[in-house]
Amino acid sequence: MREQARFAAEPWSATTRFRPVACVGGVPLMDIAERFGTPAYVVDEADIRGRCRAFRAALPDADILYAAKAFLCRAMATWVRQEGLGLDVCSGGELAIARSVGFPADRIVFHGNAKTPHELAEAVEYGVGRIVVDNLAEVVRLAMLVPPGRRQKVLLRVIPDIEAGAHAAIRTGGEGQKFGLSIALGDAAAAVVRVLRQPELHLVGLHCHLGSQIRTSEPYEQAARIMVEQLAGVRDAYGIVLPQLDLGGGQGIAYLESEHGLTPEEYATTVTKAIEERCATLHLPVPRLTIEPGRSISGPAGLTLYRVIAVKRVIDRTHDRTFVAVDGGMSDNPRPSLYGARYTARLIGHRPAMADHPVTLVGHHCEAGDVIAENVPLPADIRPGDVIAVPATGAYHYSMASTYNLTGRPPVIAVADGAARMVVRREEIDDLLRRDVGL
């Protein structure tokens, strides 16, 4: 399938079809609901692999690292490894998943604004390719963990002071954030000096990350120019040409039919041009680019299946609303309550007899804010027992899921070539009770 056709499917995955029946990866979604129950996360393996390949094709000379925080399990880590991408991890748990599937250590970058000594030790012991230094104290702490005779490659995360991202909570490129080393306050320059004084550390480049769900290329263009200027500043001050530039991730996707995500081609064209032009002006060799897409690889590949529990019409002085309540909610998708995120939904399993009308799709948790989608069009004759599919749930759903109200987290069902298989099982009551050691 051509990449243009692939991205035209948004917000649904590339293999999603609704006629004659709703299918993903050649598997009827109702079969998944009946076999594995609801709620359930469904992940389109072909779509994920296709998006990995699209980034590699758009940036053949760059290092593409999948941002594990978006969605990670052993199956996902395996697909990423097989497609030739690296992995961006930001916790000991994410590193453990990578290690469990034999992910090449040299293709791993370890992030984090407050990496614990234990996490740093694990990263050094496994031999991860690069560690991103986020604060001044981390320099000496990391150097002390490097065994004699070895050098650990590091990147410095600097703040380009660019505000970008769909919500204030996911904008990380500006001053005043907990992430990165300030250029304005001199912390970035101080970090360069500290790293260069540590023989156990090898400074190979600079890193930044603007934020998340960025659907235009302009902020990346601005960041690329600023970061090249910082590389030139290091050269001029210390006579060192750093060979790598990591611009982070955050490329946005579509959550609604009216939206469009930032494609790898659009991103690549803008960023490579900006880097090359600024390097030429500053007489600097073009660095090897690293990027860290997460949501833009796994997000559109996922959908969540819910079963309708109740339909309720509510009328008061200001509202005439229909609530459609399902068997999941904020425990499997906290994004609406955290960020005001918007979603669409679709009835599957049978053809409705009545036209769509706007409803409020809500969860089953004891919170008024447990809303999955506001004013989403669903058939007026929707009823308990029906199954609903919500697209674009492959990123920051499984990874941010909770057990609120002691509700077990849903399974992850991978589909490909007409077959469905469970890659993460449902969390049952026994799992929750097993952790409770009693009085």
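Predicted model: local features only at pLDDT ≥ 70, side-chain atom pairs only at ≥ 80, totals over all residues.

Student: Which residues touch the most other members of the largest nonpolar core?

Tutor: A core joins buried nonpolar residues through their side-chain atoms. Here it has 84 residues, and those touching the most other members are Tyr66, Met76, Leu87, Leu156, Leu247 and Ile275. Helix α9 (residues 218–238) gives the most to this core, namely nine residues. Another core, of 20 residues, lies apart from it and includes Tyr255 and Val324.

Student: Is isoleucine 253 buried or exposed?

Tutor: Buried means under 20% relative accessible area. Isoleucine 253 has 4%, so it is buried. This residue lies in the loop between β11 (244–246) and α10 (264–282). Beyond its neighbours within four places in sequence, its contacts include Gln213, Arg215, Arg295 and Ala392.

Student: How many aromatic pairs are there, and why is the pair of tyrosine 41 and tyrosine 398 classed as it is?

Tutor: The structure holds five pairs. Planes over 60 degrees apart count as edge-to-face. The planes of tyrosine 41 and tyrosine 398 stand at 90°, with ring centres 6.3 Å apart, so this pair is edge-to-face. Because tyrosine 41 is in strand β3 (residues 40–44) and tyrosine 398 in the loop between β18 (387–391) and β19 (412–416), the pair ties together parts 357 residues apart in sequence. Tyrosine 41 is buried, at 3% relative accessible area, whereas tyrosine 398 is partly exposed, at 26%. Together with Phe71, Tyr41 and Tyr398 form one aromatic cluster.

Technical notes. Residues numbered from 1 in each chain as written. Heavy atoms only, no water. Core = buried A, V, L, I, M, F, W, Y, C linked by side-chain atoms within 4.5 Å. Buried < 20%, exposed > 50% of the residue type's maximum accessible area, 1.4 Å probe, protein only. Helix = DSSP H or I, 4+ residues; strand = E, 2+ residues; numbered from the N terminus. Contact = heavy atoms within 4.5 Å. Phe/Tyr/Trp six-rings, centres within 6.5 Å; stacked < 30°, edge-to-face > 60°.
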